[in-house]
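Colleague: I would like to learn how to read a few features of a structure. Please take them one by one, with the general idea before the case.

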Amino acid sequence: MNTLTFPPTFQWGVATSAYQIEGAAQEGGRGPSIWDTYSHIPGKVVHGDTGDVACDHYHRLETDLDLIQSLGVDAYRFSIAWPRVQPLGQGAWNEEGLAFYDRLVDGLRARGIAPHVTLYHWDLPQALQDQGGWESRDTAVHFAEYARVMGLRLGERVASICTHNEPWCTAVLGNEQGRFAPGIQDTRVMLRVAHHLLLSHGLALQAMRAAGVSTPLGIVLNQSPATPATNSPADRALAEREYAQFVRWYMDPLFLKQYPQGPDLPVCDVVQAGDMDTIAQPMDFLGINYYMRLWCSAATPPLPAPNAMGVSEMGWEVYPHGLYELLCQIHRDYTLPPIFITENGFAGADTVVDGRVVDTPRIDYMRTHLQALQAAMAAGVNVQGFFYWSLMDNFEWDSGYDKRFGLFHVDYATQTRTAKDSAHWYHGLIAAHRHG
Ligand code: FCB
């Protein structure tokens, strides 16, 4: 399938997250988050970059909204910085922060763009981390209250609310590998964090629904199929284990009310009676972020991935077929609500030359992933929208400003945004679907 033809109702969007673009870290009554703390520790982020200023989106809201509109997208996915609206993660609310998100939501709607809200994209209020963070069950209770208040405030004006973005990253990168905030390296903590994230999702859905919030509710998971490097029993067992820890650790609780079990799999020690029922609330949609596959080689040294279609600046293998494989697999394994691809994107070595950014590899990435998506939909998977990651270059966590995922190039010295060729390409694709 070489042409891209999606149903007329298909939603085209772009995505960002609060800490990666907003800046204004100490303004407007915002409290500190774990990413403020972490990024300021020398050696944690490339070049010592922080999100203090980022894309200065907080001060450039109106012109950034115009930028989004210029793409012709139907939808915009953004996250709320919990410490901007509730500086300590419990107790007092910050009206100035809430008003910022009111302006964002109203500004999108005025431009005919549907707002899709993420409640947690990794910027936990530092005050909650100081009390144990996600290792503590109390954090899940505080999160549910935050969700309830945001649901009441924004629910009627937004197209969807998702609780968490990529709980695997919070749990594993943040609390087992220590590569992300809060920088903890402890497998037992990771398992508790993962459980409390899932629990908080269930509690948040219950709280929002009990409060009468009627907008579609869901969660966003990062997922990958796992490919054994060879057909050997060791490689196949490794692929199964990696898939269980990456995908099934979140999907099984949400849809089957249980954690995956097996001799090679860990056990979480904080599961209480009733938790699995709480986690498995019915969902209105499932968001999937897809970037690459898991390549599984048990050999020493491991067999390298073929990388037939190249790698991005992140070093991530470009493997569009994995999106098809993944969607077909979860479609077989679970009874799923409608799916949105909430992130998919490419980091390139993008530079502005004479006012232009030639980013052909990104266009190829988008085209081939959308072809794979189209094939999955033809095979029966119910996908209702696609959000490119990201609207503009931004603070790429431990990679700082080194990695550029945007459709718009950002010159951080001047905050100039320049449309890359891919922005024009995406605009054309969306326009063709409107009028075609
Ligand atoms: C995802 C994150 C997003 C961004 C992209 C590249 O894991 O959700 O914030 O960092 O990767």
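**Reading the ligand site and its surroundings**

Modeller: We can begin at the ligand, where an oxygen atom lies 2.8 Å from an N or O atom in the side chain of His121. This is a predicted model, so local features need pLDDT of at least 70 and side-chain atom pairs pLDDT 80 or more, while totals for chains, interfaces and linings use all residues. Residues are numbered from 1 along each chain as its sequence is written, and side-chain values use heavy atoms, with hydrogens and water left out.

Colleague: Which residues are around the ligand?

Modeller: A residue is listed if one of its heavy atoms lies within 4 Å of the molecule. Here they are Gln20, His121, Trp122, Asn165, Glu166, Tyr291, Glu343, Trp389, Glu396, Trp397 and Phe405.

Colleague: How do I read burial, and is Thr118 buried or exposed?

Modeller: Buried means under 20% relative accessible area, exposed over 50%, and partly exposed in between (1.4 Å probe, protein chains only). Thr118 counts as buried because its relative accessibility is 1%. Its place is in strand β3, residues 114–120. Strands (E, at least two residues) and helices (H or I, at least four) are DSSP runs numbered from the N terminus.

Colleague: What does Thr118 touch?

Modeller: Contact means heavy atoms within 4.5 Å. Leaving aside residues up to four places away in sequence, Thr118 touches Arg77, Phe78, Ser79, Ile80, Cys162, Thr163, His164 and Asn165. With Arg77 there is also a side-chain polar contact of 3.2 Å. A polar contact is a pair of N or O atoms within 3.5 Å; within protein, one must be able to donate a hydrogen and the other to accept it, and residues adjacent in sequence count only if both atoms are side-chain atoms.

Colleague: Why is helix α8 described as largely enclosed by the rest of the structure?

Modeller: Nine of the nine residues of α8 (167–175) are buried, so the helix is largely enclosed. Its cover includes β3, β4 (160–165), α9 (187–210), β5 (217–222) and α10 (233–256).

Colleague: Where is Cys55, and what lies around it?

Modeller: Cys55 is in the loop between α2 (34–39) and α3 (61–70), and is buried, with a relative accessible area of 0%. Its contacts beyond four places in sequence include Gln20, Met392 and Tyr412. Cys55 and Tyr412 are 357 residues apart in sequence, yet their C-alpha atoms are 7.0 Å apart.

Colleague: What about the backbone: which peptide bonds are cis?

Modeller: One joins Ala181 and Pro182, with omega about 5 degrees, and Pro182 is in the loop between α8 and α9. Another joins Trp389 and Ser390, with omega about 15 degrees. Ser390 lies in the loop between β10 (383–389) and β11 (408–411).

Colleague: Which residues have a positive phi without being glycine?

Modeller: Among them are Ala24, with phi about 45 degrees, and His47, with phi about 60 degrees. Ala24 is buried at 4% relative accessible area, whereas His47 is exposed at 64%.
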